[in-house]
Amino acid sequence: MEFGVDELDPIAHLPFAPAFKQKVSTETLIERYKCGEVHAVSLLHQLAQVLQLHLEMKETVTTGNLPVLYFAFCVVIDGVEYKTGMGITKKDARLKAAQLALQDLLPTLENINSVRPDVAGVPPPLPAREEPSISDTYPSRAAHGRMSSVNLQIPHAVRDLLTKLMNSHLEFSSCAATTAAFIIQTSSRCEVVALGTGNFNTKESASLCGRIVHDSHGVVTARRSLMRFLYRHVLMFFSKTANLKERSIFQQSSSSGLLSLKDGITLHLYVNQLPKGAAQIPSKLRLNPLSISAWQVNNEIGLHLSVEGKVFSVFSSSIDQSASSIISMSTTDKITQWQVLGYQGALLSHFIEPIYVQSILIGESCASNIRGMEISVSQRVEGVTSQLPTFYCMIRPHISLVPSVAMRGTDGTNGQLTCGINWSEGDSSIEVVDGLKGKTIDESPFKSGPALASRLCKAAMLHRFKLVAKETQRQDLLATSSYREAKRMAKPYQEAKSMLRAYLLQQGFGSWLDKLSVSDNFTM
């Protein structure tokens with residue numbers, strides 16, 4: 001969609017509000033389609049224009065054992081990829097893909113007026129000299145970020161689990177302010193499957209044996225706990241015990257040959273506070289090209305680095321990337337990457353399709369504006385899907401404010417301010433990791449051994465990877481000489497990662513930090 005912004009403008013990638021004109025209502029367009037007056041492809045383009053959606057028709061691969069003469073397309077709307085349509089001509093395949101997408105879209109659009117206002121009712125944007133803020137630029141989503149129909153079961157489920165875990169370990173309850181959790185939702189239940197807290201990077205040198213946790217921020221910790229949960233369910237799927245296989249969240253995908261989430265299962269992320277980085281962009285940051293320089297914009301919404309819990313723009317000259325301290329990308333940037341590459345990581349992508357979060361819920365007591373989160377996670381990468389390999393796409397999550405999960409700390413923190421906890425479904429107890437040291441503390445309820453290596457460290461993940469490779473009889477993976485080589489062998493994942501980082505650089509958001517290869521060059 002064109003917004004009349006010069007393509008050479010340093011902030012032209014930001015979606016400024018266009019000058020709106022009266023348009024046909026969505027109800028009228030849908031009624032015309034149902035009466036056969038317009039076909040599916042035309043309706044999709046009209047809806048995209050009226051609702052300001054980013055629409056793509058992405059050519060993909062045929063599913064099943066079909067002849068190669070069939071063409072295949074899928075509809076991608078705001079990063080969400082719909083079912084694949086096939087036909088003997090490209091025109092037929094596009095039409096089928098549009099029809100399949102509308103099967104999912106139309107029920108949702110029936111109540112569109114209760115979710116977002118009709119575009120025709122949005123007032124025209126202020127003149128350029130008025131310097132609209134972010135909130136002015138996105139009137140419809142800003143007004144409804146809090147009021148949208150969020151499943152309140154999710155924060156309740158997170159609070160219930162935290163209470164249960166902390167009741168037995170009150171001395172660590174001060175760690176809970178940075179809580180993040182992943183939730184599996186089905187038609188019948190809502191279950192927290194992974195949880196993490198924390199606020200620091202390690203100050204130790206890069207580990208040569210994979211037994212130091214470098215980044216212990218809450219969302220990163222929760223995501224590594226999620227990976228443990230995914231490994232457990234992959235092993236359950238390949239178990240020879242029928243009952244265990246049935247309980248797995250996975251099914252065999254006919255299109256990729258990999259595992260995918262069973263139909264009706266969705267993944268959601270809860271965070272008790274805005275993650276560090278561009279998500280914490282000031283709500284009144286001016287985005288008008290007449291009122292702010294490209295340098296200022298890039299510093300706010302560009303990529304950020306995290307060092308010992310402090311965050312710096314990648315454009316900042318106040319950070320020495322050659323120093324001995326461990327440097328990682330900010331939590332916001334990592335979420336942006338996971339929404340494109342999937343939360344499963346490189347190793348698990350040998351066995352499962354990319355897994356994406358459908359919604360991100362933010363505790364409202366620690367955040368009053370989600371604009372920075374929406375820009376960072378969705379707007380910065382909304383055009384990357386067409387450049388990605390098959391099965392990868394940018395998923396635009398629904399982001400909203402929900403009641404916070406609040407935990408009261410004890411009177412004395414007992415020096416636990418740098419610590420974080422982790423837990424995954426099936427764990428009998430929490431593990432407590434000192435974020436600055438990257439290792440389990442002596443007082444942790446769970447300890448894997450005298451070396452105090454965390455169950456979230458890279459070496460532990462490689463061990464689980466080898467278990468799955470053995471169970472699936474993947475001799476090529478069992479023969480890998482190092483953690484680094486096993487990751488590199490995930491070719492589609494690595495290709496998608498390279499395309500994403502090149503896209504971010506091209507769009508002016510800065511360069512992604514390259515990890516020290518030596519830290520991944522270890523074996524079991």
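Tutor: The protein chain holds 17 helices and 16 strands, where helices (H or I, at least four residues) and strands (E, at least two) are DSSP runs, numbered from the N terminus. This is a predicted model, in which local features need pLDDT of at least 70, side-chain atom pairs count only at pLDDT 80 or more, and totals for chains, interfaces and linings use all residues. Residues are numbered from 1 along each chain as its sequence is written, and side-chain values use heavy atoms, with hydrogens and water left out.

Student: What makes α8 roughly parallel to α14?

Tutor: The axes of helix α8 (residues 218-237) and helix α14 (residues 458-471) come within 10 Å and cross at roughly 15°; axes are lines fitted to C-alpha atoms, for helices over the stretch in contact, and angles run from 0 to 180 degrees between N-to-C directions. Angles under 35 degrees count as roughly parallel, over 145 as roughly antiparallel, 65 to 115 as roughly perpendicular and the rest as oblique, so α8 is roughly parallel to α14.

Student: Which residues meet between α8 and α14?

Tutor: Contact means heavy atoms within 4.5 Å. Among the residues that meet are Arg-224, Met-227 and Tyr-231 in α8, and Met-461, Phe-465 and Val-468 in α14.

Student: Why is Cys-74 called buried?

Tutor: Buried means under 20% relative accessible area, exposed over 50%, partly exposed in between (1.4 Å probe, protein chains only). Cys-74 has 0% relative accessibility and therefore counts as buried. Cys-209, at 37%, is therefore partly exposed.
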